[in-house]
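Here's a quick briefing to read alongside the model. Have the sequence and the 3D view open as you go.

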Amino acid sequence: LNQKEILSKHFEHLYQSEWFGLPELTNSNGQNCPDSCPIQSWSHSTLIETLYMIFSVSVKNETNKCDM
């Protein structure tokens, strides 16, 4: 799997979540854990940071294409 395939699973979950976030805990195979917080702040911030890094690399690559 590449990064986009892995992140696409997170993206699907975000759209299905009423909190638009990732849960604190899950049971096996990502099943809901009823005792878990519906959104975990550090998980969410890590995902945002990862998306920012991917976007930054993409922009940098596009900028380099213009310099050629």
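Predicted model: local features only at pLDDT ≥ 70, side-chain atom pairs only at ≥ 80, totals over all residues.

Residues are numbered from 1 along each chain as its sequence is written, and side-chain values use heavy atoms, with hydrogens and water left out.

**The loop between α1 and α2**

- Ser-36 sits in the loop between α1 (3-16) and α2 (41-67); helices here are DSSP runs of H or I with at least four residues, strands are runs of E with at least two, and both are numbered from the N terminus.
- Ser-36 counts as buried because its relative accessibility is 13% (buried is under 20% relative accessible area, exposed over 50%, partly exposed in between, with a 1.4 Å probe and protein chains only).
- Leaving out residues up to four places away in sequence, Ser-36 touches Pro-23, Glu-24 and Leu-25, where contact means heavy atoms within 4.5 Å.
- A polar atom of the Ser-36 side chain lies 3.4 Å from the backbone nitrogen of Glu-24.
- Cys-37 belongs to the loop between α1 and α2 as well, and at 34% relative accessibility Cys-37 is partly exposed.
- Setting aside neighbours within four places in sequence, Cys-37 is in contact with Pro-23 and Glu-24.
- Cys-37 and Leu-47 are 10 residues apart in sequence, and their C-alpha atoms are 17 Å apart in space.
- Gln-40 is another residue of the loop between α1 and α2, and with a relative accessible area of 16% Gln-40 is buried.
- Not counting residues up to four places away in sequence, Gln-40 touches Leu-22, Pro-23 and Glu-24.

**The aromatic pair**

- Searching the whole structure turns up 1 aromatic pair.
- The rings of Phe-11 and Tyr-15 have centres 4.8 Å apart and planes at 70°, so they're edge-to-face (rings of Phe, Tyr and Trp, the last by its six-membered ring, pair if their centres lie within 6.5 Å; planes under 30 degrees apart are stacked, over 60 edge-to-face, the rest tilted).
- Phe-11 and Tyr-15 are separated by about one helical turn because they're 4 residues apart in helix α1.
- Phe-11 is partly exposed at 45% relative accessibility, while Tyr-15 is exposed at 58%.

**The pockets**

- The largest pocket has a volume of about 280 Å³, a volume being the space filled by probe spheres set on grid points that are joined across faces, edges and corners.
- A pocket is an open set of points on a 1 Å grid over the protein atoms alone, with a 1.4 Å probe and protein on both sides within 12 Å along at least five of seven lines; lining residues have an atom within 4 Å of a point.
- There are 15 residues lining the largest pocket, and His-13, Pro-23, Leu-25, Asn-32 and Pro-38 are the ones nearest its centre.
- The second largest pocket comes in at about 170 Å³, and its lining is Lys-9, His-10, Glu-12, His-13, Gln-16 and Leu-22.

Key
Polar contact = N/O pair within 3.5 Å; in protein donor to acceptor, adjacent residues only side chain to side chain.
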